[in-house]
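Let's take a friendly walk through one protein model. Have the picture ready, and follow along as we visit some strands and a pair of helices.

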Amino acid sequence: MPLPEHGSLFSLFMKYCSMDFFVKVLLHMGFLLNNMLKPFTIIAVAAVGIGVGTNYYLQRVPDMPKLDLNRWWGDGNRPNQEDESIRPFKITFNDTMIDDLKMRLRNRRPYTRPLEGMQSEYGMNTIYLEKLLKYWQDEYDFKGRADLLNRYPHYKTRVQGLDIHYMRVKPEAKGKQVLPILLMHGWPSSSKEFDKIIPMLTTPRDEYDFVFEVVAVDLPGFGFSEGTNKPGLNPVQIGIIMRNLMRRLGFNKFYIQAGDWGSQTATHMCTMFPDEILGFHTNMPLSSRPISNVKYLVGSLFSSFIVESKHKHRMYPLKDLMRYLVRESGYFHLQATKPDTIGAAIADTPAGMAAYIFEKIGICTNRKQLHTQHGGLENIDLNDLLDTATILWANERITTSVRLYAEAFAWPEVLIIQDIPTKVPTAAINFLHEVVYQPDWILRDKFTNLVHSTTLDFGGHFAAMQTPKELVDDIFKSTVEFLKFHARNK
């Protein structure tokens, strides 16, 4: 387009306006623009500064707290001479206990029936509970189940003042490398949880040149292991006891498989003793570092870009997760604040204890089955459920087991060690109905050497009882990666 002819408004403007005028106009416009953008500039700079500072703060690694690796948890003071003997142990459900249990089940009060149209939405369905209790009273084979558990060698030994029960099963390994592995359970379970996977781990497989020697332990205050009368026995301290147990058995280096509180304990062991844990396989992978929590929250704003679409529903929208946690975490809050109250409430009622623990086992096995009478329980064999309840009842472990929730949140050492990354090679398997799902990019905040990860569209929290084959297959596959990791990092 040509310029306007001479004599136009444009030409007159150009004729009478000097260069100084243009400079002044430009400077004035720049001044106005700067004043207009200054608030946005300040906000942007502040946001960047806050972001950098927050990231620095969250990524910092605290110093390892000083810990007493021989702290005494037994009654009274440490004796001059400690008993370090290893004693064979046999599980027995004696007649006195059985008769008392059945009498209490017979003499209980009748239950209030569920509301019309409700199944397990309000908690344990009492119609279904009646069936479970009747089977426990009339058909459950106490002696036979004890014999089944006794097919493995059982032992007890006193570690830091507490009698610790464990099974130790050696493989028949002709030409195979034998790898020691420690199995640790959570609440409300015991080493019985690993009953199905022990023979799978100790049986050689043609495609692998190694097999496992299994140590399946009852955590202190669970199963047949003794609880303490001293405050402070949190997952960090339990991890020290477990490490000392393995050293007593002759294992200065070993592998770990764990879920629930066992997984938390194992995570602390990997942090405290990184040169002693050869590999950690967990079916409840969780980074509790503050940076991980922030990532989880911020990630909800960009979930379409950072989370695989097939797994997105496990994390977001946050309102669904929050709704689930609020609905199902009442027991957690109670046990983390007033464990002795719930312990006293159900300590002398096997029916009440069964209702309390079975409802949580059901929801953690399949959270999508609240519309059924069983509420998820039929995903686990009935006898396995009643083994868990019988062991808890026979050993009077309800109070000592739920105290772990309170201890885990009462001591600063737990929060400090949670925030320290570990170099131990780690493998994660995520079953569909695990309590919380974290993707690998969050898990690596804690487990810097996450060498294997599996995500399945089935299964739940009690993997060793519910999906034993899939769990063991993944342990073998993960161990291959552990061995490769160590070969690369000699």
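## Before we start

A helix axis here is a line fitted to the C-alpha atoms over the stretch in contact, and the angle between two axes runs from 0 to 180 degrees between their N-to-C directions. Keep in mind that this is a predicted model.

Find helix α14 (residues 350-365) and helix α15 (residues 382-394): their axes come within 10 Å and cross at roughly 130°. Angles over 145 degrees count as roughly antiparallel and 65 to 115 as roughly perpendicular, with 35 degrees as the limit for roughly parallel. The pair α14 and α15 is therefore oblique. Their crossing is right-handed.

Which residues of α14 and α15 meet? On the α14 side they are P350, M353, I357, F358 and I361, and on the α15 side L385, L386, A389, L392 and W393.

## A covered strand

Now look for strand β7, which spans residues 277-282. Is β7 mostly covered or uncovered? It is mostly covered, with 6 of its 6 residues buried.

## The neighbours of β7

Strand β6 (residues 254-258) runs parallel to β7, and 5 bridges join the two. To get from β6 to β7, the chain passes through helix α8 (residues 260-272), making a right-handed β-α-β crossover.

Strand β8 (residues 426-430) is also parallel to β7, joined to it by 3 bridges. Here F280 has T426 in β8 as its bridge partner.

Conventions. Residues numbered from 1 in each chain as written. Predicted model: local features only at pLDDT ≥ 70, side-chain atom pairs only at ≥ 80, totals over all residues. Heavy atoms only, no water. Buried < 20%, exposed > 50% of the residue type's maximum accessible area, 1.4 Å probe, protein only. Helix = DSSP H or I, 4+ residues; strand = E, 2+ residues; numbered from the N terminus. Pairing = 2+ DSSP bridges. Right-handed = clockwise from strand over helix to strand, strands pointing away. Left-handed = near helix turned anticlockwise from the far one by under 90°. Contact = heavy atoms within 4.5 Å.
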